[in-house]
Amino acid sequence: MSGRKPRSVANPLESAITTPGERILKECHSLYVDSENGLVKIASSLGVRLLPPRKKIIVMIMGNHSAGKSSFINWYVEEHIQKAGVAIETQGFTFITSGRKRESLTGNATLHLYPHFRPLLEFKGVTDYLSAEISTSKQKKFSLVTFVDTPGLVDGDMVYPFDVNSAITWLGEQSDLVFVFFDPMGQALCKRTLNIVEKLSEKCGDKLLFYLSKADEAGKETDRQRVMMQIVQELCRRPGLNKCGFEMPTIYIPNPQKPSRCVNQIDGVCQTIEKTINQAVQKTLDQLEKDCDLICSTISSRLEKDRADATYNKSVRIHSFLCGALGIVLPTLFILSFIVNTISKEQLDELLGEGPARTVSIFTGIVMFLWDWIPEDGQVVFVIFFGAFCYLLLFLAKYFAGRGNKTLTKKEKKLMAEYNEYIQDIVKTKKEKLYEWYLQQCAAEYDL
């Protein structure tokens with residue numbers, strides 16, 4: 001028996017893709033970031049900016065301080081990651097995600113991990129209060145979820161080190177889901193929370209979901225109903241939040257040591273997350289097709305423009321050649337006419353031969369006829385204008401020569417053709433197979 005131990009995998013669960021959604025999101029992401037033929041690289045070479053799709057959905061949780069945001073994340077992950085308590089524990093934005101090993105990242109490292117959120121740099125001071133917590137947990141659907149824990153919101157003289165309202169609003173727009181936690185212990189009607197919720201409702205109301213957290217601490221059922229009525233009344237006072245079909249399920253962290261008769265709908269939160277993951281898979285596949293079409297159309301337009309530029313360059317070269325030829329031939333013929341006029345016909349025949357001499361005599365004869373037709377007092381003026389005209393022809397020849405457009409080289413055109421063929425034959429075929437495989441997981445065989 002060999003004394004060598006088998007090499008262990010850093011995280012066996014990382015390589016074991018357990019769900020169709022996880023596999024599809026990972027394969028779609030690899031199509032974008034592949035070092036040789038990734039769509040991001042291909043698009044960049046064409047001057048098009050693409051961002052790879054996220055392999056996980058973003059769930060932002062907001063609410064007043066001590067609303068149970070961090071406690072919910074710890075419960076979902078089944079690991080104590082975030083501090084939870086009555087005091088304001090979360091002062092900045094924390095991204096909680098699944099990874100290969102337990103790690104904590106600071107602001108710049110967090111933005112490298114999430115390039116989609118680089119615009120947060122525009123909010124002064126946010127970077128210093130930005131962090132990420134990476135956990136090895138694979139509980140529930142955590143491998144496909146990134147939680148964003150936001151600062152606890154309070155009214156009054158509380159001063160935040162950055163524009164918390166604008167930062168939360170922007171993050172909410174980028175998220176796939178926004179959970180708003182109202183706690184029943186006196187802070188549920190925090191005006192700052194309601195102001196941000198109202199702004200988010202105007203821009204992305206379909207992402208907003210309201211929950212009465214810590215519902216088991218609200219006392220009796222009548223007390224709980226009274227708290228919910230107060231929250232609903234406050235929300236309805238704001239035009240942007242007064243909508244039909246309003247729901248606010250009651251949730252709390254289950255504790256076997258402290259049973260409660262209150263209905264706990266926290267499993268519904270998990271179902272909502274799972275449903276959003278499935279929708280994200282469909283959106284990613286649809287976006288993959290759109291990006292493929294964008295690249296193919298860009299390649300087609302570039303090749304079409306190159307053909308138009310080549311035709312234009314050909315026309316420009318012809319104009320340049322004609323102007324240049326006339327600018328040289330006309331003064332040469334003019335000067336040659338006077339030289340030939342001083343040579344006898346026999347000398348010209350002997351010098352050039354009978355045929356060429358006859359041709360030269362004809363052209364120079366025409367020039368001399370025209371020259372004799374011009375009055376003597378106007379010949380100097382004619383020479384000046386003729387010289388200016390010849391100079392103009394040479395100038396136009398140079399002008400047209402510099403008007404040509406840059407065209408693609410043979411290597412560039414071949415590369416674009418290869419890109420187009422790769423996307424049509426490989427990427428789109430892969431996308432169709434992934435879509436078919438995804439549908440096979442949920443639809444009956446006869447429906448397909």
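This is a predicted model: local features need pLDDT of at least 70, side-chain atom pairs count only at pLDDT 80 or more; totals for chains, interfaces and linings use all residues.
Two residues are said to be in contact when heavy atoms of theirs lie within 4.5 Å.

**Overall composition**

The protein has 448 residues, of which 41% count as buried. Its secondary structure comes to 13 helices and 7 strands. Among contacts with a separation of 6 or more, 78% are accounted for by residues 24 or more positions apart.

**Nonpolar cores**

Ile295 also belongs to the largest nonpolar core, a set of 53 residues. Together with Leu39, Phe72, Tyr76, Phe147, Phe179 and Ile273, Ile295 is listed among the residues with the most contacts inside that core. At least two core residues come from each of α2 (20-33), α3 (39-45), β1, α4, β5, β6, α9 and α13 (410-442). Helix α9 supplies the largest share, 13 residues. Another core, of 41 residues, lies apart from this one and includes Met62, Phe123, Ala167 and Val180.

**Helices α4 and α9**

Two of the contributing helices also meet each other. The axes of α4 (residues 69-77) and α9 (residues 266-341) come within 12 Å and cross at roughly 70 degrees. Angles of 65 to 115 degrees count as roughly perpendicular, and α4 and α9 are therefore roughly perpendicular to each other. On the α4 side the contact is made by Phe72, Trp75 and Tyr76, and on the α9 side by Ile266, Val269, Cys270 and Ile273. By class, this contact has 7 nonpolar residues, with no polar and no charged ones.

Strand β1 spans residues 57-63 and is mostly covered, with 7 of its 7 residues buried. Both of its faces are covered. Strand β1 pairs with β5 and with β6, as the table sets out.

| Partner of β1 | Residues of partner | Sense | Bridges |
|---|---|---|---|
| β5 | residues 145-149 | parallel | 5 bridges |
| β6 | residues 177-182 | parallel | 5 bridges |

Isoleucine 58 of the strand stands opposite threonine 146 in β5. Glycine 63 has phenylalanine 181 as its bridge partner in β6.

Methods:
Residues are numbered from 1 along each chain as its sequence is written. Side-chain values use heavy atoms; hydrogens and water are left out. Axes are lines fitted to C-alpha atoms, for helices over the stretch in contact, and angles run from 0 to 180 degrees between N-to-C directions. Helices (H or I, at least four residues) and strands (E, at least two) are DSSP runs, numbered from the N terminus. Angles under 35 degrees count as roughly parallel, over 145 as roughly antiparallel, 65 to 115 as roughly perpendicular and the rest as oblique. Ala, Val, Leu, Ile, Met, Phe, Trp, Tyr, Cys and Pro count as nonpolar, Asp, Glu, Lys and Arg as charged, and the others, Gly among them, as polar. Buried means under 20% relative accessible area, exposed over 50%, partly exposed in between (1.4 Å probe, protein chains only). Two strands pair if DSSP finds at least two bridges between them. A nonpolar core is a set of buried Ala, Val, Leu, Ile, Met, Phe, Trp, Tyr and Cys residues joined through side-chain atoms within 4.5 Å.
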